Structures are given as structure tokens and as C-alpha cells.
Amino acid sequence: MQPLYVLSGNSERTRGGDAQSSNIRAGKAVASAVRTTLGPRGMDKMLVDSSGNVVVTNDGATILEEMDIEHPAAQMIVEVAQTQEDSVGDGTTTASVLTGELLAYAEDLLDDDLHPTVIVEGYNEAARLAQEAIDEQVLDVELDDDVLASVAESSMTGKGTGDVTADVLAHHVVDAVRAVHDGSGRFDPDDVRILTRTGASSSATELVEGVVIDKERVNDGMPRTVEDAAVAVLTTKLDVREGEADTEYTISSVDQLEAAIEAEDAELRGYADALADAGVDVLFCTKKIADRVQDRLAKHGIVAFESLKSSDARAIARATGAKQLGDVTDLEAADFGHAERVSIRRFGEDELTFVEGGEAAKTVTLLLRGGTEHVVDELERAINDAVDVTVAAIDSGGVVPGAGATEVAIAEYVRSHAGGVEGRKQLAVEAFADAVEAIPRTLATNTGMDPIDAVVELRSTFDREGIAGIISEGRTGTIGDPIEAGVFDPAAVKREAVTAATEAATMIVRIDDVIAAK
Ligand code: ADP
Ligand code: MG
């Protein structure tokens, strides 16, 4: 009989236990790459890509993204971090470490001859229990500014901001979110903008109530400050109309040449005059503005900016209530937006433009300062996380104690319910509890504590006090109450970490056949 070939001769196939263990090893390896960065005493990674660009970061999602990971199972951990980043914006290291631990314990269970399906069922059951445990941990606190600032600060510590600065920055973040959050549970992330500038220390970071753009006026003769400004946003160039400039004039006399130039001039003047007649004070244009138009705008006392990024134009339009205009004919007052003040300020070498007090929507800009590019880049990642967690705390389900305390409580809860789970599945449920405990264990290790002693003490303190976390103090850590220490995480971060890690780990465990095209 002819053999039946399903696969091309080029594909490589790994089956059964080999497939499983290779996937699990790959997953564990990726998780362990980020574990040393967890928590306030976590270390940073320096990542250098093939063209020599350097990124220094403590952010799990960023590390995994930059690491150029090829193994398909390892790639799934990268996806866990990405899911976590996209859905709640923080807790990426936690989610990756948890996935790695779930895989490590699964490996032991497989060695003990538990069937993958039993492990998957046990993990899913335990994940459900973990969500119940998180429900119990949610703190019934008013989300006043102090608690929110603690949440924001917890998300930033260890991100190279320094403790004092983290406190100042956390308050800026909360003020920013509070300023734009409309109270109805709706938050538009575009309303908190972030702009980075090197050349000052991060404590010089400021919160601006308005939009700040990295643009200078097109002409130095234009005013630097306009109060009570009518603002126009234009998405078309102000130049001689397309085609005309290239038209070959058949010019037979000097008169004709002059007439042609005069016609062009008149067209260009017409643009500036139309804007002036309509009462525009400030013009933001996403395309080029011809020199002759610029001069004329300056004569009218209009401040103009050209070649804006479309995201900047959109933000200004939204904040001031301006329409984005496709041309300057038939301008009406309703097309314009309004700002209390448009001003230009010098920052070191260059100038930034501030559009403050827009009348249509609250928009704020965090103007981040730092000594070097690397510093502001890492600060921007930290601030992004902090904004996300603040929003998550306000919008979706409150806050839980941080510093590993919630994980200790989850582990205890899951363990105490494991007895009710029938058969060998129970072993998987217990393993899940041990895996969750890896978070406080890792926090302990990263603060220089002995992880085994720490876990023992965490458990006994939890039994006694009902709460126990790894509080980092100066260079070392102690077992204590994170609520007293003001360390909180949004409940959503923990929920998502449990869900994402369980999904990825169970998916990897279920695979027993890898067919790879070469
Ligand atoms: P992730 O990417 O998971 O957010 P982080 O490096 O930001 O990783 O570490 C988050 C963990 O650090 C959380 O468990 C949080 O509760 C904890 N944490 C934050 N601040 C402190 C602190 N001052 N003391 C102890 N733990 C803290
Ligand atoms: Mg974090």
C-alpha cells in the first residue's frame, strides 16, 4: 500500500511528552527573564537590539516585546503580557511570572502522571476560586485622592523614578485623571496626553491643563501669547492650488509674467485675509503654509503653526471645539474653537506651544522631564502604567492590598477550598495556590529576603492578622500590612493577571503535538 503523506517532508514534528516539556521549558525561561524586575526593588534590564539601540526598562511588557522571542510557546507568554498591558495597563510582570509558575508546577504534575486534562480542569477551578478570593480582598475605601495616589505610586515604584519623585508624580497623575474623568465612569485615554522633554530632572515634571505640542510658530513676527483665542484647525495646505504651480505659462511678455505672479499672490493673500476676516487668532495646520501666506498672517497678527501631527490637531480640535477644516472658503464662527490662552514657552533649546483652557473638552498634558532620553522614556512607560491603574481603580472594581498580600490571600483561599475538589484534580488546585504564592516569594527575593523564610512568615502572619505582604523598606523588606504602608493595586490588575496566566498556561499544557514547517 502507498504510504499516506499528510505533512511535507520539510516539516518537523514533536509529540507527546517531548512537545510538552519543550513548550513548558520555553515558557518558564521567558517568565524567569522578567522575574527579577518585579516590585519596588526589582532590577532593570538593558536591552540592545541588532542595530545597537538601547532601552533600559523595568516594564515586563516592554522587555518581552523587545526580546525578539521565537519559540511559539514562549511567544504565548509575550502575548499574556500584551493582553495584560492592553486590558489594564499594568501587572505585566506579575502575569508573566504567574504563567511561568503555573507551567513549572504543571511540569511536576505531569511527571507525577496527572493527565493534562486533569491539570487544565484543576487550574480552571482554582482560577475561579482565585476570583472569589479577589472579591473578598477588594477594599471598601473611598477612592479619595490619597488612596488613588498610593495606587499610582505603587505602580511606579521601582521604575527608576526615585521614591520622592514617585510621590510627586503620583499626585500629578491623579490630578490629571481626576481633571478629565467625567464621573460617569467614562474616560477617554486621549484626554491625558504625555509629552517628554529632556534637560531637567524628573521632579520638574508638570501638569498642564490643556494641550501642549512640540511646535514653534512659523514666523518670529507672530505674537508669543494670545489670550481669549479663536482657534482654527486646518487639514489642507495653504499654498498655490495643486496643478497651477506646475502649469506651463506661455508667457510672451513681461506683463503676462507679472499678471501671473500677481494672480498667485492674490490667491495666497486671499487665504490669510479670509482667516483674518473671519476673526481667527491662532491657526493650526497639518500641512505646509506657503511663505507668502505666513508673512501675510503675521501682518494680521495671527499666530500660525504648520505640519502638525494629526494626533495633535485632533487633540486641539477636541479641546477647543474647533472643526477640522478642509479649506478656508466660507469660514463661519462655528468652525472655530476657543481657548483661554495660547502661548509659547521656551524649554532649553526649543519652544513648546501651550493651548490652555479649551472651551469644549477637558484635556490635560503631563509634561515629563528627565535628564536623558533613556530616563524620560522609562518615565513615560511608568506614567502610562500609573494613568491606567488610576483609571482602573476608579472605573473597574476598586483596589486590593498590594505587596503580594492579595496573592497570599488567594493562595490561602484556594488551598482551603481544595479539599472540596474531587480526585486528582485537587493536586492541580493546590499547585495553583503554590504558583500564586510565587509573587510574594519573588518580591521577597528581590528585596533580598530569604524566599522560604518569607513564605513561612507570610503564612503565619496571615493566619494571625488576616493580611500579610512584603513591605520594602530602604534596602530590605519586612513582613507587614500593605494597607498601612499605602501599597495598593487595582483589583482589575489581579483579576486580569489570573485570567490571562491561566489561559496561557492551560493552553500550553494541552498541546501534545507540535508540527512546525521548516
Ligand atoms: P508589574 O509589571 O506586575 O506591575 P511591578 O514591577 O510594577 O510589576 O511590581 C508590582 C508589584 O509590586 C505589585 O505586586 C505591587 O503591589 C508591588 N509593590 C509596589 N509598590 C510596593 C511597595 N512599596 N512595597 C511592596 N510592594 C510593592
Ligand atoms: Mg507595575
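# Close-up views of a predicted model

View 1. Strand β7 (residues 225–234) is joined to strand β11 (residues 337–347) by 6 bridges, and the two run in the antiparallel sense. The model shown here and in the other views is predicted. F347 and D350 are bridge partners, the latter lying in β12. A hairpin is formed by β11 and β12, with 2 residues between the strands. In its turn, G348 has a positive phi of about 60°. As background, strands of a sheet pair through backbone hydrogen bonds, either parallel or antiparallel.

View 2. The order of the 3 strands is β4-β13-β5, and their pairing is mixed. Which strands stand at the edges? They are β4 (192–198) and β5 (206–208); each has a single partner strand, so one side of each is left without a neighbour in the sheet. On average, neighbouring strands of this sheet are turned by 25° against each other, direction ignored. Strand β5 and strand β13 (residues 364–370) run antiparallel and are joined by 3 bridges. In this pairing, E206 stands opposite L367 of β13. Helix α11 (residues 373–395) packs on the sheet, where it touches β4 and β13. The direction of α11 makes about 145° with that of β13.

**View 3. Helices α8 and α9 pack against each other.** In general, two packed helices are described by the angle between their axes and the distance between the axes. For helix α8 (residues 254–277) and helix α9 (residues 291–299), the angle is about 40° and the axes are 9 Å apart. The two helices, α8 and α9, are therefore oblique to each other. Their crossing is right-handed. On the side of α8, the contact is made by E264, D265, L268, R269, Y271, A272, D273 and L275, which meet R292, V293, R296 and L297 of α9. Sorted by class, the contact of α8 with α9 holds 6 nonpolar and 6 charged residues, and no polar ones.

View 4. Helix α14 (residues 438–446) and helix α15 (residues 451–465) have axes 9 Å apart and pack at an angle of about 130°. The crossing of α14 with α15 is right-handed. P440, R441, A444 and T445 are the residues of α14 that meet P451, A454, V455 and L458 of α15. By class, the residues of this contact of α14 with α15 comprise 6 nonpolar, 1 polar and 1 charged.

**View 5. Domain 1 and domain 2 are in contact.** The domain assignment divides the protein chain into domain 1 (12–139 + 399–516), domain 2 (141–209 + 364–397) and domain 3 (214–360). Between the C-alpha centres of domain 1 and domain 2 the distance is 26 Å. How many residues does each of these two domains bring to the contact? Domain 1 provides 27 residues and domain 2 provides 21 residues.

Key. Residues are numbered from 1 along each chain as its sequence is written. Chains are lettered from A and ligands numbered from 1 in the order in which they are written. This is a predicted model: local features need pLDDT of at least 70, side-chain atom pairs count only at pLDDT 80 or more; totals for chains, interfaces and linings use all residues. Side-chain values use heavy atoms; hydrogens and water are left out. Axes are lines fitted to C-alpha atoms, for helices over the stretch in contact, and angles run from 0 to 180 degrees between N-to-C directions. Helices (H or I, at least four residues) and strands (E, at least two) are DSSP runs, numbered from the N terminus. Angles under 35 degrees count as roughly parallel, over 145 as roughly antiparallel, 65 to 115 as roughly perpendicular and the rest as oblique. A crossing is left-handed if the near helix is turned anticlockwise from the far one by less than a right angle, and right-handed if clockwise. Contact means heavy atoms within 4.5 Å. Ala, Val, Leu, Ile, Met, Phe, Trp, Tyr, Cys and Pro count as nonpolar, Asp, Glu, Lys and Arg as charged, and the others, Gly among them, as polar. Two strands pair if DSSP finds at least two bridges between them. Domain bounds come from an automatic or database domain assignment.
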